[in-house]
Amino acid sequence: MGEAHVRTLEGRPDTPPPNGESADSPPGGGLMARLRAPRAPRLWFEVLLIAVSYWTYSLIRNAVPEQKAKALENADWIWRAEHTLGIAVEHSINHAVNSLTWLIVSMNYYYATLHFIMTIGVLIWLYRWHPGRYAAARLALFATTGVALVGYYFYPLAPPRLMTGGGFIDTVIVHDTWGSLASGNLASMSNQYAAMPSMHIGWSLWCGITIALLAKPWWAKTLGLLYPTTTLLVIVCTANHFWLDALGGILCLTFGFTLARTWYGTLPHGLARYPDARSALT
């Protein structure tokens, strides 16, 4: 009785902020503050943005000249560097797992499908259940992907399975499974020498961190963390990436989250679940 306001689902007062600003607007006001303030995403815009962005990403990635000689030279350098570091075990892992047909075939399908299914699924989950954090998380993902294009252009790299004399097994071809745009009859549709950085790691780690930080059930957090770990094992077993490609993906993700934090003033999980009180009730 006598309260001048009510509490929202996030525990914030449902009092209209001054000057029509969002409750989560960065201090200082003005145009930049409004642009940086989290707002509820619009479905039609997000679908269009993701479709256009992925089309553009694929177009640019596949338009990068396939510098085969340079890519093979870089792969030899990476392989030598890993031997120096004592981590060059990809060959042994690739051959060991290849002997287990059921496992390697499952990994082929995992590599080809979950990369997209999980990423889109997490975006949908954020859109529906964490709209106030959606834009910041999406910015981190898009920035990660964008900076990866720079790596593809300036550092062409052949995956282990394409190394000359490397002795790696291309598991998709050997087991005749539908596995990847990077193998088989679909190889001509994809840049074969864009292995550094690994976006399978960049995207899966983005999914894993997002789920681990925002999901409530402990089992969901655990599965979130297991996803990038499993993906790392898969990309090595199928000879699609070196360990150092995964490191490149991690560095790209670090850039993505840094950009999101710079723009929004905090990492995605630090923002309110809903962009303002009215969104929380709709």
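Here is a short walk through a few helices and cysteines.

Before you click, note that this is a predicted model, where local features need pLDDT of at least 70, side-chain atom pairs count only at pLDDT 80 or more, and totals for chains, interfaces and linings use all residues. Residues are numbered from 1 along each chain as its sequence is written, and side-chain values use heavy atoms, with hydrogens and water left out.

**Stop 1: H5 and H8.** Select residues 101-129 (helix H5) and 199-214 (helix H8): their axes lie 10 Å apart and the helices pack at about 35°. Helices here are DSSP runs of H or I with at least four residues, numbered from the N terminus, and axes are lines fitted to C-alpha atoms over the stretch in contact, with angles from 0 to 180 degrees between N-to-C directions. Now show side chains: Tyr 111, Phe 116 and Trp 125 are among the H5 residues that meet H8, whose side includes Trp 203, Trp 206 and Cys 207. Contact means heavy atoms within 4.5 Å.

**Stop 2: cysteines.** Pick Cys 207, which is buried at 0% relative accessibility, then Cys 252, also buried, at 9%. Buried means under 20% relative accessible area (1.4 Å probe, protein chains only). Searching the whole structure turns up zero disulfides, meaning pairs of cysteine sulfur atoms within 2.5 Å.

**Stop 3: H9.** Select 218-237 for helix H9. Its buried residues include Gly 224, Tyr 227 and Pro 228, and the buried set packs against H4, H5, H7, H8 and H10.

Notes: Helices (H or I, at least four residues) and strands (E, at least two) are DSSP runs, numbered from the N terminus. Buried means under 20% relative accessible area, exposed over 50%, partly exposed in between (1.4 Å probe, protein chains only). The expected span of a helix is 1.5 Å times one less than its number of residues.
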